[in-house]
Amino acid sequence: MHSAVALTPRVADIPAIQEPLLNVSDLSLRRGKAVVLDGVSLALRPGETLGLIGESGAGKSTLALALIGLLRAPEVQLDGSMRFRDTELTQLREADYRRLRGNKIGLIFQDATAALNPCFTVGAQIAEPLKRHLRLSRWARRERAAELMHSVGIPEPRMRLDAYPHELSGGMQQRVMIAVALACNPELLLADEPTSALDVTIQAQIMELILDRVRALNSSAIFVLHDLALGAQVCDRIAVMYAGQIVEEGPSEHVLAAPLHPYTQGLKSCVVELGSRRLVPIPGQIPPLNAMPGGCRFAPRCPKAKTICSEQRPQAETRDGRQVACWFID
Amino acid sequence: MFQAASAKLAQTLLVLLFVSAASFAFLKLAPGDPVSIMLGSDYSKSSYDQLTHALGLDQPVVFQYGNWLADFVRGNWGTSYITSQDIFELAVLQALPVTLTLAALSLLIALVIGIPTGVLAALYRNSWADVLATTLAIGGNAFPSFYLGILLIWLFGVDLGWFPVLGFVAPWEDFWQGLWHLTLPAFTLGAWYIGLIARITRSSLLEVMGQPYILAAKARGEPAWRVVWVHGMRNVLMPLVTVIGLQLGGMLRGAVMTEVVFALPGLGMMVTTAVLNREYIVVQAGIMITGLLFVAVNLAVDQTYQFLDPRLRRR
Amino acid sequence: MTEALNVTALTRESQWRRRLLQPMLRQRSAMVGLAIIAIYIFAAVFAPWLATHDPTAQDLMASLQGPSAAHWLGTDSYGQDLYSRLLYGAQLALIIGFASVALGLAVGVAIGLAAGLMGGRTEWVLMRIVDGLLAFPELILAMAFMAVLGLGTENVVYALALSFVGPFARMTRGDVLQVKSQPYIEAARMMGVPTAAIIWRHVLPNVVSPILVQAGMRISIAILLESGLSFLGIGVVPPTPDWGLMIAEGRGFITMAPWISGVPGVALAILLVALNLLGDGLRDAFDPTTQKDA
């Protein structure tokens with residue numbers, strides 16, 4: 001499946017010093033009393049791809065929705081900062097945020113079948129951001145939509161413009177979703193588990209297609225994934241999330257080769273490797289939001305936990321070019 | 001496509017046949033002997049037999065039905081004993097347009113008030129709009145339309161004098177006068193539908209707004225009003241049309257009452273008067289028309305589904 | 001064998017109680033509806049003791065009076081006491097409502113069971129008759145039957161019952177067909193359980209709750225139709241104390257004596273609201289897929 005396709009990281013292509021495109025620092029998100037995201041910090045340079053890895057419930061999708069401004073006050077309470085170029089997203093007025101969504105920031109949903117409106121043709125849905133943000137004429141929208149469909153590998157795009165979502169296969173629907181997200185050449189693409197609702201046989205194709213388009217447009221991308229190995233293959237850098245916090249963040253191959261945080265180590269040992277007998281699942285599960293432990297949130301499940309872990313929260317430290325939040329980095 | 005359409009057509013024809021058979025059966029069940037009614041009190045045996053033969057009433061019932069159906073299809077519906085008016089003209093050309101106008105106007109009022117109320121109730125749950133929608137849904141659905149009509153006449157017709165109390169002016173003859181005369185009746189009949197429409201809009205929209213494609217529309221930068229009224233409401237139309245179609249019986253029930261309360265010369269008035277006068281052929285004409293109307297609306301609703309939901313379309 | 005069957009019947013009954021009764025008790029609006037209906041039933045049952053006057057006694061000297069100590073809710077144009085007529089009207093409305101639904105249910109369920117269980121030509125003929133009935137709105141059907149049967153209280157019951165046969169028959173048949181295809185029916189048949197026993201023990205308990213829910217919701221329609229027919233003058237005949245008749249009578253005096261139509265009108269509206277609340281509660285309790293806020 002994933003590993004069958006060669007997907008080379010591109011760390012080398014990126015200039016070492018560059019203004020970040022996106023800079024999230026100490027972002028917290030509260031829904032009522034529950035702290036869903038807790039002190040999240042990450043930076044993304046132009047053209048860089050980042051994998052957000054974690055179990056379901058870690059807050060990855062929440063972070064993606066917060067970034068595109070679909071989770072905002074008054075629904076939730078946001079603290080900290082999200083800078084996108086020179087714009088502070090947390091302070092942005094809704095009308096201005098709307099001009100970013102689908103334009104500068106694109107979002108690919110997990111399940112295209114559910115995320116495409118069954119009552120509108122795919123052409124109309126691709127054309128929507130073109131009308132909204134680029135103010136293209138009706139004719140130009142149709143042309144551009146067909147081009148976009150062609151670019152995401154939909155055969156005979158002109159005939160399919162007037163097709164309804166249910167007339168396309170799951171893979172084709174996800175390609176349409178990608179075309180919608182990329183319609184306005186976004187600077188930042190968020191992809192929320194873009195292949196997990198698809199057949200195994202086409203997952204790799206779709207992943208490669210997204211990467212290919214992202215590279216072609218020189219966009220940055222954040223992939224929300226639950227598979228550490230896939231993330232390391234696809235992305236330049238990896239951020240591992242646990243219970244609303246980023247526990248380890250760094251270049252993909254380093255994180256995968258030598259994970260520092262016990263949770264990342266656990267995730268890695270979950271990955272079945274050919275010829276290897278190691279398959280040690282992490283015991284337990286993410287604690288419920290209303291019963292988060294006071295210190296390190298991973299402490300109750302951590303094989304290395306000591307007293308301090310459940311008392312004080314570890315701060316992120318820089319080690320070997322990556323950030324790790326753990327009291328006992330060996 | 002063709003097969004499905006022809007199956008539908010065959011089914012509809014079958015139902016139409018039942019409707020006509022039921023209407024015919026009604027005439028046969030009606031008390032009184034039509035021959036003796038037509039001959040009056042004093043007649044001879046031979047004249048009785050003669051008329052029976054002339055009317056074809058000595059033939060087997062199946063033949064009588066055939067004759068009746070042939071006459072019906074040709075618009076040869078007979079003459080009223082009382083007003084000596086042609087019944088086809090009375091029912092189809094005079095009464096039916098009145099009822100249809102009343103029903104259409106009521107539905108329009110109900111949609112114009114019901115949909116926004118339902119949308120507001122869904123968007124702002126537990127707000128005044130929500131309370132209003134729930135109250136309208138429960139109250140409007142249960143409140144007897146004939147008493148509501150009387151109250152409206154009392155308040156707006158007599159007390160405030162804003163609207164005429166009785167009578168009908170055809171909007172196709174004098175549009176504004178007609179509309180003015182139909183306002184109170186249309187509100188009376190529409191009140192019943194407002195709550196229903198508000199309630200269905202509310203619950204359907206609540207469900208639709210939780211769908212991922214709504215979030216996806218927002219993620220494309222669609223403004224809030226378009227997300228609700230285009231992406232959301234487009235998906236609410238289907239359950240809305242279903243309910244409107246299903247409740248046609250209630251609509252006709254209310255129309256009969258409303259017509260009588262406001263003295264509108266529609267189908268309901270016609271049938272009521274005919275029942276009181278024991279004019280069975282007029283009653284039968286009313287039954288037949290409402291039956292046909294029922295079938296036609298059900299067919300129309302069925303066709304609308306394909307138009308509203310692309311997933312039901314056959315290519 | 002009998003033991004085993006009894007056990008299943010018992011669990012089914014307790015299931016019925018858990019699935020239908022308990023969720024309903026939790027619904028406040030349904031309970032409010034039930035309380036109001038209980039008051040109406042009380043008034044109807046004890047009308048002879050609660051009434052202050054003979055509901056049909058005319059006193060032309062006391063006509064068109066407003067509420068007073070002698071006539072608590074006033075009098076109509078014949079000087080009949082509205083309070084007493086209201087009570088007896090409740091009696092009439094509830095009796096006609098329940099009786100017509102019960103009759104329509106009995107006939108409809110019988111037809112539906114026959115059609116669903118026998119199949120073949122019997123089913124075809126029965127269901128075509130039902131189709132014929134269902135092709136018309138209830139009120140038109142009831143009006144047609146009234147035209148054939150003639151006016152009067154009893155005939156109102158028959159006319160309404162006949163107009164309810166169609167929906168009950170179709171529903172029962174659908175339920176029976178569904179139940180019939182269940183494996184346990186097949187199993188019972190193979191074990192040699194007689195058909196009548198299968199119907200009684202397995203089919204009926206499964207179709208009973210949806211039909212009861214339907215019946216509950218029909219009662220409010222029946223009462224609305226009954227008062228409507230009487231209002232039109234083709235239902236119950238005067239001087240019977242009937243709300244529809246009272247509203248029709250008060251219509252002419254709406255400016256002079258609004259209470260004549262107001263007393264029965266408001267009473268009817270409240271009863272119908274209460275019945276609808278209870279009906280909605282029954283439906284929600286029965287069908288967990290209906291959203292609570294729907």
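Predicted model: local features only at pLDDT ≥ 70, side-chain atom pairs only at ≥ 80, totals over all residues.
Helices α6(C) and α9(C) pack with their axes 11 Å apart, at an angle of about 50°. The crossing of α6(C) past α9(C) is right-handed.

Which residues make this contact? From α6(C) come E138(C), L139(C), A142(C) and M146(C). From α9(C) come I221(C), L225(C), G228(C) and L229(C). Sorted by class, the contact of α6(C) with α9(C) has six nonpolar residues, one polar and one charged.

Now look at where chain C meets chain B. Here 38 residues of chain C are in contact with 40 residues of chain B. Several helices of chain C supply at least two residues each to this side: α5 (120–134), α6 (138–149), α9 (195–232), α10 (243–251) and α11 (259–286). The side of chain C that touches chain B divides into 23 nonpolar, ten polar and five charged residues.

Strands of a sheet pair through backbone hydrogen bonds, either parallel or antiparallel. In chain A, eight strands form an open sheet with mixed pairing. Their order is β6-β7-β8-β3-β9-β10-β12-β11. Which strands lie at the edges? They are β6 (105–108) and β11 (317–319) of chain A, and each pairs on one side only. On average, neighbouring strands of this sheet are turned by 20° against each other, direction ignored.

Zoom in on one pair. Strands β10 (residues 245–251) and β12 (residues 322–324) of chain A run antiparallel, joined by two bridges. E249(A) has Q323(A) of β12(A) as its bridge partner.

Definitions and conventions. Residues numbered from 1 in each chain as written. Chains lettered and ligands numbered in written order. Contact = placed C-beta atoms within 7 Å. Helix = DSSP H or I, 4+ residues; strand = E, 2+ residues; numbered from the N terminus. Nonpolar A, V, L, I, M, F, W, Y, C, P; charged D, E, K, R; others polar. Axes fitted to C-alpha atoms, helices over the stretch in contact; angles between N-to-C directions. Left-handed = near helix turned anticlockwise from the far one by under 90°. Pairing = 2+ DSSP bridges.
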